[in-house]
Amino acid sequence: MTTSASTPISRGAASIWSRSTVSWMLYDLANTIYSLNIVSLYFSLWIVNDMGGNDQLYGAINSFSMFLMFLSAPVIGALSDLTARRIPLLAVSTILCVLFTFFLGRGGLTVSLIFFTLANYFYQAGLIFYDALLPAVSTDANRGRVSGIGVGIGYIGSFIGLGAGYYLLEIGASKIAIFQTTAILFLLFALPCFMFVRERARADARPMTLGALRQAFGNVRGAIARARSYPGLGRFLLGRYFYTDAANTAMAFTAIYATNELGFTEMQTTLSLGVGIATAIVGGFVWGSVVDRIGPKKTLQRVLGIWLVTFVAII
């Protein structure tokens, strides 16, 4: 099978169920455990219900970590494009996220908020390197399916995270134990990606030096200068900001809203999220195939339309 130079395919990656591709998908499962247990559920509840904080405090610290990523993401992406391989960068960012997650709850509220900021920052950085690996584990013909199956498998990670948290609460463990368990599970399920995903090293790669960092900044400035030559890019970025902001807000405040506004217990909130995740798993498999048939833009428009109808119905 021939492939374009812009999207090199590593050996064995043409099959959706190759070891390299499945290992890449397992990283989605791993980071979803962190996303659900820390960002969406137990850390926010720990702040509000256990430590006397409020949703404004959690919203502010979560937004600050995302703002730091907003400022640095273009340079991180440019550095990713300059390096020979992205797996080492993904491994470093993941390990740092795991370490700061493991120590959440230690040292009091202020220290934990700092650790969360750093953990969430490195989690988001890892997503940049992880997403950039998709061409290495897929072909043009199956990229939508690989991505969709990865999302579906990722939501299985949500069940693992929910199950671990539910069990620990049932036996009377603290949320700090949930933070530590989440960190361990994140690392364990991420290991196959580090070990088995095969990248083809780029011939024009540069070592990670100050010169590479300066080049990355230069590439970002050049990309900004060339943005006007790509019709619709500005509208796309603006539109993406608005719909991802809504999704991130819902993800961050679901648990607080359910427990403090609707009166759910933490167990009921966990079970309710489990029902939602079950439908999301199906959606990941279905919408991935739809992307391959009708394209990403039309698929996104249909998904956002369903969101709009659903949110209006909820209101």
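Reply: Let us begin with contact, which means heavy atoms within 4.5 Å. In this predicted model, S35, V39, S40, L41, S44, L45, V48 and N49 of helix α1 meet M251, A252, A255, I256, T259 and N260 of helix α8. By class, this contact of α1 with α8 has 8 nonpolar, 6 polar and no charged residues.

Me: How are the axes of α1 and α8 arranged, and at what angle do they cross?

Reply: The axes of α1, residues 19-50, and α8, residues 233-260, come within 8 Å and cross at roughly 45 degrees. Angles under 35 degrees count as roughly parallel and 65 to 115 as roughly perpendicular, and α1 and α8 are therefore oblique to each other. Their crossing is right-handed.

Me: Turning to side chains, does N120 count as buried or exposed?

Reply: Buried means under 20% relative accessible area, so N120, at 1% relative accessibility, counts as buried. N120 lies in helix α4, which covers residues 108-132, and its side chain is joined to that of S65 by a polar contact of 3.0 Å. Leaving aside neighbours within four places in sequence, N120 is in contact with Y34, V39, N62, S65 and M66; V39 is also among the α1 residues that meet α8.

Me: And which residues does Q124 touch?

Reply: Q124, also found in helix α4, touches M66 and M69, not counting residues up to four places away in sequence. At 17% relative accessibility, Q124 counts as buried.

Key. Residues numbered from 1 in each chain as written. Predicted model: local features only at pLDDT ≥ 70, side-chain atom pairs only at ≥ 80, totals over all residues. Heavy atoms only, no water. Helix = DSSP H or I, 4+ residues; strand = E, 2+ residues; numbered from the N terminus. Buried < 20%, exposed > 50% of the residue type's maximum accessible area, 1.4 Å probe, protein only. Polar contact = N/O pair within 3.5 Å; in protein donor to acceptor, adjacent residues only side chain to side chain. Axes fitted to C-alpha atoms, helices over the stretch in contact; angles between N-to-C directions. Parallel < 35°, antiparallel > 145°, perpendicular 65-115°, else oblique. Left-handed = near helix turned anticlockwise from the far one by under 90°. Nonpolar A, V, L, I, M, F, W, Y, C, P; charged D, E, K, R; others polar.
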